[in-house]
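Dear colleague,

Please find below the structure that I am handing over to you, followed by my notes on what was found in it.

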Amino acid sequence: MTTPTHPKRRRRVRGDGVDLAVFEQGDPARPTVLLVHGYPDTHAVWDEVADGLAGRYHVVRYDVRGAGASSRPYGRRRYTFAYLMADMAAVLDATTRDREKVHLVGHDWGSIQSWEAVCTMPERFASFTSISGPCLDHAAHWTRRLLARPTPGNLARALGQGLRSWYIYFFQTPVLPEALWRAGLATPFTRALELGEGVPARPGHPARTLPRDGAAGVGLYRANMAERLRRPRDRRTEIPTQVIVPTRDLFVSPHLVGGLAERVPNLTLRTIDAGHWVTRSHPEAVARWAGEHIARVIGGLPAADPERAPHGVRKAPRRRSPAAAARAARAAARR
C-alpha cells in the first residue's frame with residue numbers, strides 16, 4: 001500500500017452509549033462523503049477509496065460499534081438499527097457544518113445500515129452509493145415475491161441467495177461463532193480473502209482487532225436479520241441512489257436488484273466483474289464511480305444515461321422484474 005496522499009485526522013465521538021473512533025481526510029469546507037464499513041472490517045477497508053476521494057471532498061469514516069477502536073457493547077440488543085442510526089447521526093453532527101446533507105457510501109453491513117439511514121432520516125443525505133449490502137426489508141420482499149410465483153427460475157434465484165447466506169444462519173447459533181473467532185478464525189479468513197478475492201493483507205486490513213471485531217459484530221446479525229426478514233417494512237427513498245453490483249459476489253446475488261426501482265425511483269445500477277471486497281480489489285473504480293455519482297447530484301444532473309454511460313453502467317428503469325434486472329447485470333458484466 002502506498003502512503004496516503006491526504007493525512008488522516010482522528011477524533012472521538014460519543015454515540016448512543018458508545019465511544020466511536022472517527023477519521024477525517026480532506027478539506028472540511030468541501031462536500032462531505034461518509035464511508036461506512038461492513039463486517040468484519042473497520043474504517044481501514046476504505047483506505048484506498050478514501051484517498052481517491054479526499055482531494056475533492058471532505059471524507060469521513062468511523063469504526064462502527066463493535067469494531068476497531070470503537071466501543072464493543074455486550075449483547076445483541078445494543079446492535080439494533082436504532083443504536084446504529086443514533087451512532088451515525090452523532091458522527092454526522094460532529095463532522096458536518098449546519099446539518100449539511102452528506103453523500104453516503106456503504107459496503108456490506110455498512111450498506112445495510114446505510115439503507116436504513118436513507119429511508120428513515122433522508123433529510124441528512126444528498127446521495128447514496130450502495131455496495132454489496134441490500135436493504136434487509138427489500139431483500140425480504142424480493143424473496144417473498146419469488147416464492148409467491150414458484151417458477152423454476154424464481155426458486156433457483158431464491159435458493160441461490162439462500163445458499164449465499166449460509167453464514168447468517170450460522171451466526172444465529174449461540175456462543176459458537178464468537179468462540180471460533182477468538183480461537184483463530186482470523187487466520188483462515190485472511191487467507192480466504194487473498195485466495196478467493198485476490199485481496200492480500202496490507203497494513204490496516206484485515207485489522208489486528210479482527211478476532212474481537214468478528215466476535216462482537218455477530219450481534220449485528222442476531223439483532224436485526226430475523227426480525228426484518230420475518231416482518232419487512234415498506235422502505236422507500238427518493239435520494240439519488242447508485243448500486244454497484246459485483247457480479248462475482250459470493251454473499252450477495254446480483255438478482256437482488258430486481259424490483260428495487262419500484263422503491264427507489266432515482267436509481268442507477270453499475271456492474272463490475274469483481275468479488276465481495278470490491279472496495280479493496282478495485283478501489284479506483286469504486287472511488288471514480290462514487291465521485292461521478294456525487295458530482296452528478298451536486299450538478300443537478302439526471303442519473304447516468306444507459307445509452308451514453310461509461311462501460312458497465314446501466315440505469316434501472318422505473319419497473320423491472322427480478323429476472324430482467326439480473327439479465328441486465330449479466331449482460332453489462334460481459335461487455
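Val 175 is found in the loop between α6 (166-171) and α7, where helices (H or I, at least four residues) and strands (E, at least two) are DSSP runs numbered from the N terminus. This is a predicted model, in which local features need pLDDT of at least 70 and side-chain atom pairs count only at pLDDT 80 or more, while totals for chains, interfaces and linings use all residues. Residues are numbered from 1 along each chain as its sequence is written, and side-chain values use heavy atoms, with hydrogens and water left out.

Phi of Val 175 is near 70°, a positive value in a residue other than glycine. Most residues other than glycine have a negative phi, and most peptide bonds are trans. Val 175 is exposed, with a relative accessible area of 61%; here buried means under 20% relative accessible area, exposed over 50%, and partly exposed in between (1.4 Å probe, protein chains only). Ser 132, which is not a glycine either, has a positive phi of about 55° and sits in the loop between β6 (125-131) and α4 (136-148), but Ser 132 counts as buried, at 6% relative accessibility.

Two cis peptide bonds may also interest you. One joins Tyr 39 and Pro 40, with omega about 0°, and Pro 40 is found in the loop between β3 and α1. The other runs from His 205 to Pro 206, with omega near -10°, and Pro 206 lies in the loop between α7 (176-197) and α8.

Strand β3 (residues 32-36) is mostly covered, since five of its five residues are buried. From β3, Thr 32, Leu 34 and Val 36 point one way, whereas Val 33 and Leu 35 point the other way, and all are buried. β3 pairs in the parallel sense with strand β4 (residues 58-62) over five bridges, where two strands pair if DSSP finds at least two bridges between them, and the bridge partner of Leu 34 in β4 is Val 60. The chain crosses from β3 through helix α1 (residues 47-53) to β4 in a right-handed β-α-β crossover (that is, with the strands pointing away from the viewer, the path from the first strand over the helix to the second runs clockwise). Strand β5 (residues 102-107) runs parallel to β3 and is joined to β3 by four bridges, with Val 105 in β5 opposite Leu 35.

The structure holds five cavities of 30 Å³ or more. On a 1 Å grid over the protein atoms alone, a cavity is a set of points where a 1.4 Å probe fits but cannot get out, and lining residues have an atom within 4 Å of a point; grid points are joined across faces, edges and corners, and a volume is the space filled by probe spheres set on the points. The largest cavity has a volume of about 180 Å³, and of the 18 residues that line it, the closest to its centre are Pro 134, Val 243, Val 252, Leu 256 and Val 257. Strand β7 (residues 241-246) gives the most to this lining, with four residues.

The second largest cavity holds about 90 Å³ of space, and of its 14 lining residues, the closest to its centre are Gly 38, Tyr 39, Val 64, Ala 67 and Leu 220. To the lining of the second largest cavity, α8 gives the most, with three residues.

With kind regards

Methods. 1 Å grid on protein atoms, 1.4 Å probe; cavity = no way out; pocket = protein on both sides within 12 Å on 5 of 7 lines; lining within 4 Å.
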